[in-house]
Amino acid sequence: MLWYHQTADEVLRQLEANEQAGLAPEEAARRLQRDGANRLNAKKKKTALQRFAEQFKDFMVIILMIAAVISFVVALGGHDKTEFLEPVIILGIVLLNATLGVVQESKAEKALEALQSLAAPTAKALRGGSVQVVPAADLVAGDVILLEAGDFVPADARLLESASLKCEESALTGESVPAEKDAAAQVEENAPLGDRRNMVYSGTSVVYGRGRAVIVATGMNTEMGVIAKLLDNEADEQTPLQQKLAKLGKTLGIVALGVCAVIFVIGFLSGMPLMEIFMTAVSLAVAAIPEGLPAIVAIVLAMGVQRMVKKNAIIRRLPAVETLGSASVICSDKTGTLTQNRMTLVKAWAGGEVEEIAGGESERIQNLLRLATLCCDASIEVQDGKETLIGDPTEVAIVAAARKNGIEKAALAADCPRLAELPFDSDRKLMTTVNRIDGKLLAIVKGAFDVLSQRVVNFDERAAAEVNAAMGEDALRVLAVAVKPLDEAPENPTSDQLEQGLTFVGLLGMIDPPREEAKQAVATCIKAGIRPVMITGDHVATASAIARQLGILTDGTEAISGTQLAAMSEQELNLNIRRYSVYARVSPEDKIRIVKAWQNSGAVVSMTGDGVNDAPALKAADIGCAMGVTGTEVAKGAADMILTDDNFATIVSAVKEGRGIYDNIKKAVQFLLGSNIGELFTVFFSMLFWRQSPLLAIQLLWINLVTDGLPALALGMEPVEKDVMSRKPKPKNESIFAGGLGVRIVLQGLMFAALTLSGFYIGYTVGGSIEAAETMAFLVLAVSQLFHAFNVRSTHSLFVVGLTSNWYMLGAFAVSMLLILLIAFIPPVAAVFGLVRLTQQLYLIALGLAFVPVVIIELEKLGRAIYRKIKK
């Protein structure tokens, strides 16, 4: 229902409401029973048990569970009680990963709860002819409510009467200036939310004046309810990393099953005992699947989160770190995100030259500021060095500019007392006060130039009009100031008495200015190949001016309004999405359309914002960033990341950290998969050639979890590469194995297999037993992977990177080597793991074979460096 497009009488008639008496208490109770409470619906949350059960849907986990069951059955059929260690360890891994998953997911979505907290607890309503304080939840359509400055608006309502009424709607519309409201305003049918002057909306607040309104919508039927539904309908999408790891897990699981099937056939045809074939299959499954990878990725991300907290960024979901590092488009709200969300007087003119407001302006400008300050109701209070801004933001900007010039409002008002006034009126667009200045009475009038200029006599209208137009082109909000000497203070002042025959004083230009640090942040984003886009509820002219100052709106890009956007089909928007850098006067639904159009183009989209109106888009984006200081709880609840300093530049630091973390995760994946594929090839080729597995399942588990785990974590602590922000963002669909990583992993796996099988062969030949061969294979594989961890640290040579640039790696190497030595040389422990004592000669051979990867990879890096130099 287009309530704003109807007259007040039509609205009252349709709602069967009475403007003077309100609803009868009985009728209000009946409607409450029919329509429900005036509150937002809460989304049903998953229980902890449901979240825990969902952790077992992962393909890798299913394969591990099957392996555990098989291993347990084999252990039941055997006589060695140590065989039960294998299924116990596997189940322990599965339960640990499931617990970690539940802990991460238990940070429940709080967007809807935050929306509910915005609702006013009580409201003043007419019930049965008298004014009553009614719980906001009990309000119904047809209730007549009374509003005054400081009140929250409890529901969407059509104004019946208004007096200088202004509402703060920035959280809902993105407007940085309070919206002027007028009960008598005629609003067009297709007017956007911010232009519906005869309506007030749930979740906003009254900052000036008073009004009376009839409620037209409550609860989920309000504009706030529309946003709540959008939040409710937006499913939580998996991040690119989650999708890639899930795909990787399925691939490895299928490979493991395939290889197990081949080995089973080979073993069966070779006449191997059935239990032995099962045990080998379990070994292969364990070898193929990097059991510790999910936990290591989670821990690496958590470490990154800890570092980001120190840089004023709080991550609500761990995988969001990687997604931010992949961001190729940042869709940013203007108000409070790219701008300071504080109207600031930046230019003034009182004849002559236009002056920038910086403090110490000319006497003419200081006189203009004195007069304008006297004609303001706003004030700035300072307590313990902290400023408290009180009143309309436009007036606060005037008072603040006066303070810069040493003019204090309180002292000025005491010296020049106000004797009469005409409050601001949306019809007149003027405000007037009568003050005694130096013993003389003076009427001071401020308001819109086009209105005030018609009431001024004997002034250079052309010059003033040119300055007004020039300020308007810079997207400044312009106020004019004029005066009129009086003989006496009127008892009942009128506009005709005080606002005619005026003497022009000057013009004041103000704007919500861009953050200085945002300019540098935008430039850094562009250098990093990230497209910054402004999405705001403000007007096109204002948004475009700010965007040009920041470097967002450039030659070849355009600004578009919400009305123009609404006329575009989804296909048209998808085709033209790269043309637009500024979207102005948009609705919450528009923001989601824009985000999804960029996503359809293959971009990884980040959305920043601070208002309720940003929340659905924050949730729909690949990663949502909310402002922590000025941001609403709704925005924070819907976001993946919260910036605690409200600094757009913090996003740049977060992107850099995200890229570094993703690099480190790739290094951990390369190290773990190279090791696992090496184990897989080792067992596969050994079975193929010798019908014998060179490694026990428990040995493989120990290598995968203990020996490989610490170096993989240390790789996650590698310092971020210095040139990381000079790279272009990786494509959304880019494989984690892009850039030849997959080939390198396979080749490294073959290298490990060749070295391990060589050790197995030498151990059997020289040691004379299968146990000696298995011990030799275990030592070569485990220690070679430890040495290889240093290779994976960087694509540059170890001599360039340096051993001491990551002390975590040195510590991980020392601890892992100590653990290998403990199980190799303490007889009771060695017996559990199937290891035996070797000769000194075999230990030296094993150490030599284990060091080979360092030599091979260093030669490969040297070859690539030479090739790059020749190519240049």
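**A close look at the helices**

Reply: Happy to. Let me start with α26, which is mostly covered, with 36 of its 43 residues buried. This is a predicted model, and in it α26 runs over residues 648-690. From its first C-alpha to its last, α26 reaches 62 Å, close to the 63 Å expected at 1.5 Å a residue. Just after α26 comes Arg691, which takes a positive phi of about 55°.

For the setting, the protein chain has 34 helices and 24 strands. Of its 872 residues, 56% are buried. Among the contacts with a separation of 6 or more, 72% join residues 24 or more positions apart.

Now to the packing itself. Two packed helices are described by the angle between their axes and the distance between the axes. Take helix α29 (residues 741-767) and helix α30 (residues 770-792): their axes are 7 Å apart, and they pack at an angle of about 150°. Because angles over 145 degrees count as roughly antiparallel, α29 is roughly antiparallel to α30. The crossing of α29 past α30 is right-handed. On the α29 side, the contact is made by Gln748, Met751, Phe752, Leu755, Thr756, Gly759, Phe760, Ile762, Gly763, Tyr764 and Gly767. From α30 come Ile770, Ala772, Ala773, Glu774, Met776, Ala777, Val780, Leu781, Ser784, Gln785 and His788. Sorted by class, the contact of α29 with α30 holds 13 nonpolar, eight polar and one charged residues.

Helix α30 also packs with helix α34 (residues 840-871), here at an angle of about 30° and with the axes 8 Å apart. Since angles under 35 degrees count as roughly parallel, α30 is roughly parallel to α34. The crossing of α30 past α34 is right-handed. In α30, the residues that meet α34 are Met776, Leu779, Val780, Val783, Ser784, Phe787, His788 and Asn791. Their partners in α34 are Leu842, Tyr843, Ile845, Ala846, Leu847, Leu849, Ala850, Phe851, Pro853, Val854, Ile857 and Lys861. By class, the contact of α30 with α34 divides into 16 nonpolar, three polar and one charged residues.

Asn791 sits in helix α30, and its relative accessible area is 3%, so Asn791 is buried. Leaving aside neighbours within four places in sequence, Asn791 is in contact with Pro853, Val854, Ile857 and Lys861.

To finish, here are two residues elsewhere in the chain. Glu589 belongs to helix α23 (residues 588-600) and is partly exposed, with a relative accessible area of 36%. Not counting residues up to four places away in sequence, Glu589 touches Val226 and Leu230. Glu589 and Val226 are 363 residues apart in sequence, yet their C-alpha atoms are 9.3 Å apart in space. Gly194, in turn, lies in the loop between β5 (179-180) and β6 (199-200). Gly194 and Gly537 are 343 residues apart in sequence and 7.6 Å apart in space, C-alpha to C-alpha. With residues up to four places away in sequence left out, Gly194 touches Thr173 and Arg585.

Technical notes
Residues numbered from 1 in each chain as written. Predicted model: local features only at pLDDT ≥ 70, side-chain atom pairs only at ≥ 80, totals over all residues. Heavy atoms only, no water. Helix = DSSP H or I, 4+ residues; strand = E, 2+ residues; numbered from the N terminus. Expected span 1.5 Å × (residues − 1). Buried < 20%, exposed > 50% of the residue type's maximum accessible area, 1.4 Å probe, protein only. Axes fitted to C-alpha atoms, helices over the stretch in contact; angles between N-to-C directions. Parallel < 35°, antiparallel > 145°, perpendicular 65-115°, else oblique. Left-handed = near helix turned anticlockwise from the far one by under 90°. Contact = heavy atoms within 4.5 Å. Nonpolar A, V, L, I, M, F, W, Y, C, P; charged D, E, K, R; others polar.
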